[in-house]
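User: I want to learn how to read a protein model. Can we take it one feature at a time?

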Amino acid sequence: MRWIQDPGHGGKDSGAYAYGQMEKSWTLEAALYVNYRLLELGISSGLTRSRDETLVPTKRTIAVKKSGAIYCISHHFNAGGGRGAEFIHSIYADGVFEEILRKEFEKVGMKTRRVFTRKTTNGKDYYFMHRETGRVRTTIIEYGFLDSSDYEMLKNKSFRFKLYEAVVIAICRHDQIAYKEISEMPTY
């Protein structure tokens, strides 16, 4: 498997919550969409979860490591008063793929905040998904803030699907695979 999609949160862990929207629902939608599209394009992909279930952090990272994937995308939606999408890479990665993602998000009209990485005081990756997924190159996507003006765009399902498609386009660019438009829109 080349890619694995990790829908953040799930089950008892709703993630961010604002305006009646739980993050876990949209992270699952994002991962299912991207996985569907990659398979449609002939790019091997899988999921850490395919339904609303609780995955403790270690079970999630074990699933990523055991998948045999080279790359992981951990899908998230933010909260906390900011605005714009963020793309987070490991301290051991160069950020080139995340810059491709940022540019594709901007093409569909999503404001972006930054591409970044973060270390702990002892010099390790700050984020669990980077620290605990072994050799799998993990990217965390924060699609936008549920508790800001981002929500006005994000609540529109067709706009969210444009963002998910931007992820697919970025993967095609990264993997140097010919991109083809979606043949049939999935229903979630």
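User: What covers the buried residues of helix 3?

Analyst: First, a caution: this is a predicted model. Now the case. The cover over the buried residues of helix 3 includes strand 1, strand 5, strand 6, strand 7, strand 8 and helix 6.

User: Which residues in helix 3 are buried?

Analyst: They are Phe 97, Glu 98, Ile 100, Leu 101, Arg 102, Glu 104 and Phe 105.

User: What does the length of helix 6 come to?

Analyst: Helix 6 has 19 residues. From its first C-alpha to its last it reaches 27 Å, close to the expected 27 Å. Gln 176 follows helix 6, and its phi is positive, near 55 degrees.

User: Now the sheet. How do strands pair in general?

Analyst: Strands of a sheet pair through backbone hydrogen bonds, either parallel or antiparallel. Here six strands make an open sheet, in the order 4-1-5-8-6-7, with mixed pairing.

User: Which strands stand at the edges?

Analyst: Strand 4 (45-47) and strand 7 (112-116) do. Each has a single partner strand, so one side of each has no neighbour in the sheet. From one strand to the next, the twist averages 15 degrees.

User: How many bridges join strand 1 to strand 5?

Analyst: Five, and the two strands run parallel. One example: Asp 6 has Ser 74 in strand 5 as its bridge partner. On strand 4, strand 1 (residues 3-7) also pairs in the parallel sense, over three bridges. There, Ile 4 stands opposite Gly 46, and Gln 5 stands opposite Leu 47.

User: Where do the side chains of a strand point?

Analyst: In a regular strand the side chains alternate between the two faces of the sheet. Take strand 1. Trp 3, Gln 5 and Pro 7 are on one side, and Ile 4 and Asp 6 are on the other. Both faces are covered, and these residues are all buried.

User: Why is strand 1 called largely enclosed?

Analyst: Because five of its five residues are buried.

User: Which strands does helix 6 lie across?

Analyst: Helix 6 lies across strand 1, strand 5 and strand 8. It runs at about 155 degrees to strand 5.

User: Which members of the largest nonpolar core touch the most other members?

Analyst: Phe 105, Tyr 143, Tyr 164, Val 167 and Ile 171 do, out of 35 residues in that core. Several elements supply at least two residues each, among them helix 1 (23-40), strand 5 (71-78), helix 3 (96-107) and strand 8 (137-145). Helix 6 gives the most, with 10 residues.

User: What is Ile 171 in contact with?

Analyst: Leave aside its neighbours within four places in sequence. Ile 171 then contacts Trp 3, Val 34, Leu 38, Ile 43, Ile 73 and Phe 97.

User: What about cysteines? What is a disulfide?

Analyst: A disulfide is a covalent bond between the sulfur atoms of two cysteines. To count one here, the sulfurs must be within 2.5 Å. The count comes to zero disulfides. For Cys 72, the nearest cysteine sulfur is that of Cys 172, 18 Å away.

User: Are these two cysteines buried or exposed?

Analyst: Buried means under 20% relative accessible area. Cys 72 is at 0% relative accessibility, so it counts as buried. Cys 172 is buried too, with a relative accessible area of 2%.

User: One last residue. Where does Gly 144 lie, and what does it touch?

Analyst: Gly 144 lies in strand 8. At 0% relative accessibility, it counts as buried. Not counting residues up to four places away in sequence, Gly 144 touches Phe 77, Asn 78, Gly 84, Ala 85, Met 110, Asp 150 and Leu 154. Lys 119 is 25 residues from Gly 144 along the chain, and their C-alpha atoms are separated by 22 Å.

Technical notes:
Residues are numbered from 1 along each chain as its sequence is written. This is a predicted model: local features need pLDDT of at least 70, side-chain atom pairs count only at pLDDT 80 or more; totals for chains, interfaces and linings use all residues. Side-chain values use heavy atoms; hydrogens and water are left out. A nonpolar core is a set of buried Ala, Val, Leu, Ile, Met, Phe, Trp, Tyr and Cys residues joined through side-chain atoms within 4.5 Å. Buried means under 20% relative accessible area, exposed over 50%, partly exposed in between (1.4 Å probe, protein chains only). Helices (H or I, at least four residues) and strands (E, at least two) are DSSP runs, numbered from the N terminus. Contact means heavy atoms within 4.5 Å. Two strands pair if DSSP finds at least two bridges between them. Axes are lines fitted to C-alpha atoms, for helices over the stretch in contact, and angles run from 0 to 180 degrees between N-to-C directions. The expected span of a helix is 1.5 Å times one less than its number of residues.
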